[in-house]
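Please keep the sequence and the 3D view open as you read.

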Amino acid sequence: MSEMVDAPTRADIEHLQTVMLRMPQAELPTAHHFADGVYVREMHCAAGTTIVGKVHKRPHFFILMTGEMTVTGDGSPARLIKAPAIIVSGPGVKRAGYAHTACVCMNIHRTDSTELDVIETELIELDSSALFDARNETRALV
């Protein structure tokens, strides 16, 4: 695709994800925190990293703790986010992001589970082509 997409659709982002399957995958060190029905997924990504997110079933918070990142998805124009930033992320949205600097991001969810595979099933739409598993580790895809 040679033209610039101002507001990529879900299909555009899914196409990006498919193309990224053929590329080396970035390591995204991730910590998982739990307290009284709250799950926080803390992810670190290096500058120059492109990320395609998963589709969440429920609203949650996305917090950019450090760094600068451009985020877009589901028909929304790309926007530069600079830390600190707190965003309410709605359900059913697939996003892509590009880290201009090293970033620390957090997703904050309500759940009573502390088992990552259970949480993934509860909170995330099934996507067999997702680049990462419930632990945010690279999936072995063929």
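This is a predicted model: local features need pLDDT of at least 70, side-chain atom pairs count only at pLDDT 80 or more; totals for chains, interfaces and linings use all residues.

What does Val93 touch, once residues up to four places away in sequence are set aside? The list is Lys54, Val55, His56 and Asp74. With His56 there is also a C-alpha distance to look at: 7.0 Å separates the two atoms, although Val93 and His56 are 37 residues apart along the chain.

## The overall build

Stepping back, you will find 2 helices and 9 strands in the chain. In sequence order they follow the pattern α-β-β-β-β-β-β-β-β-β-α. The radius of gyration is 14 Å, close to the 14 Å that the globule rule gives for 142 residues, so the chain is as compact as a globular protein of that length.

Along the principal axes, the C-alpha atoms fill a box of roughly 50 × 35 × 25 Å. Buried residues make up 37% of the 142 in the chain. Among contacts with a separation of 6 or more, 69% come from residues 24 or more positions apart.

## Helix α1 and its cover

The largest nonpolar core has 20 residues, and the members that touch the most others are Cys45, Phe62, Leu64, Met69, Ile81, Cys103 and Cys105. At least two residues of this core come from each of α1, β2 (38-45), β3, β4 (60-66), β5, β7 (85-89), β8 and β9 (103-110).

Leaving aside neighbours within four places in sequence, Phe62 is in contact with Met69, Ala85, Ile86, Ile87, Cys105, Met106 and Asn107.

## The aromatic pair

How many aromatic pairs does a search of the whole structure find? There is 1, and it is formed by Phe34 and Tyr39. The two rings are stacked, with 5.1 Å from centre to centre and 15° between the planes.

Are the two partners buried or exposed? Tyr39 is buried, with a relative accessibility of 2%, whereas Phe34 is partly exposed at 35%.

## Asn136, after α2

Let us finish with a residue in the segment after α2 (116-123), namely Asn136. Its relative accessibility is 9%, so Asn136 counts as buried.

Where does the side chain of Asn136 find a polar contact? The partner is the side chain of Thr30, at 2.9 Å. Apart from neighbours within four places in sequence, the residues in contact with Asn136 are Leu28, Thr30, Arg41 and Met43.

How values were computed:
Residues are numbered from 1 along each chain as its sequence is written. Side-chain values use heavy atoms; hydrogens and water are left out. Helices (H or I, at least four residues) and strands (E, at least two) are DSSP runs, numbered from the N terminus. Buried means under 20% relative accessible area, exposed over 50%, partly exposed in between (1.4 Å probe, protein chains only). A polar contact is a pair of N or O atoms within 3.5 Å; within protein, one must be able to donate a hydrogen and the other to accept it, and residues adjacent in sequence count only if both atoms are side-chain atoms. Contact means heavy atoms within 4.5 Å. A nonpolar core is a set of buried Ala, Val, Leu, Ile, Met, Phe, Trp, Tyr and Cys residues joined through side-chain atoms within 4.5 Å. Rings of Phe, Tyr and Trp (its six-membered ring) pair if their centres lie within 6.5 Å; planes under 30 degrees apart count as stacked, over 60 as edge-to-face and the rest as tilted. The radius of gyration is taken over C-alpha atoms; the globule rule is 2.2 Å times the number of residues to the power 0.38.
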